[in-house]
Amino acid sequence: MEEKLRDNGLGERLASLRKLNALTLEQVAERAALTKSYLSKLERGLSSPTLGTLLKLAKALDVTVDQLIGKPAQSSEILLVRAADRVPFSPSRERQGYIYEAIATERLDKAMTPFMMTPPFSVGDGKQRNGREELVSHAGEELIYVVSGDMEVIFADHTVAMTAGDSLYFNASLQHRSRSTGTTPAQALVVVSDPTRRRGSSVD
């Protein structure tokens, strides 16, 4: 049975932020390079977004990713996040098999989005292009640090094998996907920079 996204009010926050900014579905969809029908499904809780989609929606609504996926609290210079406090925000139909847990959702005005990722053993979601699985990309830079297990990151022209203790830093606009390759699912800490939310920067 396909695991469902845990309900954390994402759809309601999307709709509320859109209306607060007096924006229509069409306007937000255009800003985020999404279809109106897909955005409507997100707001109604009928679909769940990928990390790349979250970044696009955050930029379109001029908020942080964490304000979309979790209830923010007062900003703090030091924030301790227990394992039990991570906020699940996947899998989704677009990233079937992946499990994401957001870290530091209560920290406001961050230049980085950290989360734990458990990649599936298969990168297949039914989508293929030119005979190979379709890859994805998103804004910013990405750091992957393997905490446990074995995995690989698949790029358009090569694949990088990784094991516990290995790290990989790359431009996230490069098409990529990840998958576990060992006997148990790998776990990795992933940190993605959000260029639209750096301190002192503004969103165009």
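This is a predicted model: local features need pLDDT of at least 70, side-chain atom pairs count only at pLDDT 80 or more; totals for chains, interfaces and linings use all residues.

Residues are numbered from 1 along each chain as its sequence is written, and side-chain values use heavy atoms, with hydrogens and water left out.

**Overall make-up**

The chain has five helices and 11 strands; these are DSSP runs, with helices (H or I) of at least four residues and strands (E) of at least two, numbered from the N terminus. Of its 204 residues, 46% are buried, meaning under 20% relative accessible area with a 1.4 Å probe, protein chains only. Take the contacts (heavy atoms within 4.5 Å) between residues at least 6 apart in sequence: 64% of them join residues at least 24 apart.

**The sheet**

Six strands make an open sheet in the order E1-E2-E3-E11-E6-E9, and the pairing is antiparallel; two strands pair if DSSP finds at least two bridges between them. Strand E1 (87–88) and E9 sit at the edges with a single partner strand each, so one side of each has no neighbour in the sheet. Further in, E3 (residues 112–118) and E11 (residues 187–193) run antiparallel and are joined by six bridges.

**The aromatic rings**

A pair of aromatic rings is described by the distance of the centres and the angle of the planes. Here, Phe, Tyr and Trp rings (for Trp, the six-membered one) pair if their centres lie within 6.5 Å; planes under 30 degrees apart are stacked, over 60 edge-to-face, and the rest tilted. That gives three aromatic pairs, including these two:

| Pair | Centre to centre | Plane angle | Type |
|---|---|---|---|
| Tyrosine 98 and tyrosine 100 | 6.0 Å | 25° | stacked |
| Phenylalanine 155 and phenylalanine 170 | 5.2 Å | 90° | edge-to-face |

The phenylalanine pair links distant parts of the chain: phenylalanine 155 is in strand E7 (residues 150–155) and phenylalanine 170 in strand E9 (residues 167–171), 15 residues apart. Both phenylalanines are buried.

How exposed or buried is tyrosine 98? Tyrosine 98 is buried, at a relative accessible area of 0%, and tyrosine 100 is buried too, at 5%. Tyr98 and Tyr100 belong to one aromatic cluster with Phe115.

Conventions: Buried means under 20% relative accessible area, exposed over 50%, partly exposed in between (1.4 Å probe, protein chains only).
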